[in-house]
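Hi everyone, thanks for coming.

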Amino acid sequence: MYTIGQLAKRFGLSRSTLLYYDSIGLLPASMRSASGYRLYTEQAVQRMTHIQTYRDAGLPLETIRSLLASGTDAPTAVLERHLQALNTDISRLRQQQQVIVSLLGSASALRDSRAMSKERWVEMFRAAGLDEAGMCKWHREFEQRSPAAHQDFLESLGIDEAEIALIRQRSR
Amino acid sequence: MPDTNMTKTQWVELFRETGLSEATMRQWHSLFEQRYPAQHQAFLEWLQIPAEEVAQIRQQSR
């Protein structure tokens, strides 16, 4: 049996977080001690482990609660939906990143943004000794092996949709 | 669901297939680190390489 303090320590959470989880029924205390303190069983610890994993994955508490209530071991559909949403967010953030860089328009902004541009990749590839033909071969291999990752990579460079479609078309 | 992520292994295979040698890849990392350190970091993270290994790769590229 664990007290709320012990549980909080074990999971690196604050007591108030656990109190909140109790109040919304996400992680109810297993029982109360004679003096009214919340106590948690080993089963509650296991439940908290699942909650933490899903929190690390960024799932909202409400979603976690229904996941745990449904009792499925492999919440594939929920996780895939969340992954899809993350991909959309990343895409949007990248666009914002590119807009800000172009608004600032300075070399140091681009350096600090962590964003690569198409020109920079071409420069890096040239430095590695790849000529035009080598780069075409690289795109072909990329498209063939991991088409979705190829798309993602090209988006990360801030290349517009039409040009991405063209590059991928030529790589097939 | 389409896999939008690449792994380090896949990337290395891709480079190898394109005709880059081990030595060229090492040189490529050095240049990347020298010219665009923050982007090098972001790129290695994109390949889902653990933080410790990212630090190691960048260290060796200096």
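Let me start with a definition: two strands pair if DSSP finds at least two bridges between them. Helices (H or I, at least four residues) and strands (E, at least two) are DSSP runs, numbered from the N terminus. Some housekeeping too: this is a predicted model, where local features need pLDDT of at least 70, side-chain atom pairs count only at pLDDT 80 or more, and totals for chains, interfaces and linings use all residues. Residues are numbered from 1 along each chain as its sequence is written, chains are lettered from A and ligands numbered from 1 in the order in which they are written, and side-chain values use heavy atoms, with hydrogens and water left out.

Now to the sheet in chain A. Three strands form an open sheet in the order 1-3-2, with antiparallel pairing. Strand 1 (2-3) and strand 2 (31-32) are at the edges with a single partner strand each, so one side of each has no neighbour in the sheet. Strand 1 runs antiparallel to strand 3 (residues 38-40) of chain A, and two bridges join them. Which residue is the bridge partner of A:Tyr2 in strand 3 of chain A? That is A:Tyr40.

Staying in chain A, please find A:Arg94 in helix 5 (residues 76-104). Leaving aside residues up to four places away in sequence, A:Arg94 touches A:Asp152, A:Glu155, A:Ser156 and B:Trp46, where contact means heavy atoms within 4.5 Å.

A:Asp131 sits in the loop between helix 7 (118-127) and helix 8 (132-145) of chain A. With 46% relative accessibility, A:Asp131 is partly exposed. A polar atom of the A:Asp131 side chain lies 2.8 Å from the backbone nitrogen of A:Gly134.

Over to chain B, which has four helices and zero strands. Of its 62 residues, 45% are buried. Look at helix 4 (residues 51-60) of chain B: its buried residues are B:Val54, B:Ile57 and B:Arg58. They span an arc of only 95° around the axis, so they lie on the same side of helix 4; that arc is taken from the directions from the helix axis to the C-beta atoms. B:Glu52, B:Gln59 and B:Gln60 are exposed on the other side. Helix 2 (22-35) and helix 3 (37-46) of chain B are among what covers the buried residues of helix 4.

B:Gln48, in the loop between helix 3 and helix 4 of chain B, has a positive phi of about 60° although it is not a glycine. Most residues other than glycine have a negative phi.

Finally, how do the chains meet? The contact takes 28 residues from chain B and 29 residues from chain A. Together they bury about 2,600 Å², 65% of it on carbon and sulfur atoms; buried area is the accessible area (1.4 Å probe) that two parts lose on being put together, summed over both. How many salt bridges are there between chain B and chain A? The count is three, a salt bridge being a side-chain nitrogen of Lys or Arg within 4 Å of a carboxyl oxygen of Asp or Glu. B:Glu13 forms one with A:Arg145, with the closest N and O atoms 3.1 Å apart.

Definitions and conventions
Buried < 20%, exposed > 50% of the residue type's maximum accessible area, 1.4 Å probe, protein only. Polar contact = N/O pair within 3.5 Å; in protein donor to acceptor, adjacent residues only side chain to side chain.
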